[in-house]
Amino acid sequence: MTFNMKLPFKFAIIRNIAENPASNINTIMEKLKDDYGSEGQFNLKMVSMHLDSLRTSGLIQEDTNYCYSLTATGHLRLKYITHQK
Amino acid sequence: MTPTPTPAQEQKIIAYAKRGLLYGALSGAFWGLDGVLLGIAMTMLPFTSPELAIYVAPLVGACLHDGLAALWLSLLNLSTGRGREIFRSLMTKPGLIVCFAALLGGPLAMSGYLLGIQFAGTAYTLSITAIYPALGTIFAMIFLKERVSLRAWIGIITCIIGSFVVGYTPPEGGVSPHFYMGILFALIPTIGWSLEGVISTYVMDLLDPSIAINIRQATSFVVYLLAVMPLIGGLIVFKSALLATSGAVILLTALVGSISYLFWYKAMNMTGVARAMCLNITYALWGIVFGYFLTDLKLTPTLIIGAIIITIGALLVVANPKELLNLRKV
């Protein structure tokens, strides 16, 4: 039996930014739609809140075109995201 | 190199951190109300039973409080479409770290707090535990590389002095033979709460604060129920409290407490540990306000002076919005 659990949503957002640098909020949502689109938490407000939180913690940075990329600290924290889909 | 934000982005960052400050202030207000309501529940049966050892009632109260708070928070997360996030997060390393933080800030801190009161007295224990925001700030500077200005430090220390003034009651005559052991016990919650804040903030970099606090309260409840209650013989009191009027009061108190904890966690995540902890200890001030309206608390000059000192300290901590642009040296 395989046990294929999704990542927590905030994990998925940061991993998505790591895999797709210079993503903006719309492209991030597009990429995550297949996995999380059916969940109540999948909305612009929640994703924006998670992005603000990740930026405040210094894990991601936002350029003047409102695109996000990982910081050096963010890369270090990816060690916690090592499993599952 | 970190890109320089545009003025519009700067405004957005500051607005976000200011919202965190508001959460911090509200966490203090709700914690003040929580303390007053829990105090009311503790004056009811079965907690007033004369056969109970002095530490049983507060520990049973804390167990019920955290369990019901976990229930309220689960309802909140389910209603906002985050029910599955609880289990998903628990299966990750940060989720397990939250469980460890829960042990430090929950049963361990509470037990140390009560034993401190028993052996060293309320005055010394309250005074020692009131310094937890200063210790939390030091830990945050070391482990999270949080920036704390000199003015913010003065504000934090002012808040702590205000809490001393509000909470101080002259020590009872005579010194317990275990006085110094009591002082050591009082250090446990001081270290426990400050470490809980810093560790939880570290993991909330990756976890949703609403989920982190849900896991925290559930873990705390499970440890109280499976380890602390059998140890102190509290299971019978726990069961009878659940069915008594005091249980209903604690259900309401847990709602207030879960809002307070949720806001505290959100504030630490959004505006930094130092500011959030300083705003959280304004509960001493709010305890006076709610105590005045809901109980027979008499306003004394000491209480009013303490409240003014806390307000000044809190204002010093939040005074400069520009500091909110870069919370950490990363």
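**A tour of chain B and its contact with chain A**

Begin where the two chains meet: between chain B and chain A there are four salt bridges, a salt bridge being a side-chain nitrogen of Lys or Arg within 4 Å of a carboxyl oxygen of Asp or Glu. This is a predicted model, in which local features need pLDDT of at least 70 and side-chain atom pairs count only at pLDDT 80 or more, while totals for chains, interfaces and linings use all residues. Residues are numbered from 1 along each chain as its sequence is written, chains are lettered from A in the order in which they are written, and side-chain values use heavy atoms, with hydrogens and water left out.

Select A:E39 and B:R84 next, whose side chains form a salt bridge at 3.8 Å, N to O. The side of chain B that touches chain A takes two or more residues from each of α1 (7-41), α3 (83-90), α4 (93-120), α8 (179-204) and α11 (245-271) of chain B, where helices are DSSP runs of H or I with at least four residues, numbered from the N terminus.

Now widen the selection to the whole interface, where 35 residues of chain B are in contact (heavy atoms within 4.5 Å) with 35 residues of chain A.

Of the 330 residues of chain B, 52% count as buried, meaning under 20% relative accessible area with a 1.4 Å probe, protein chains only.

Key:
Buried means under 20% relative accessible area, exposed over 50%, partly exposed in between (1.4 Å probe, protein chains only).
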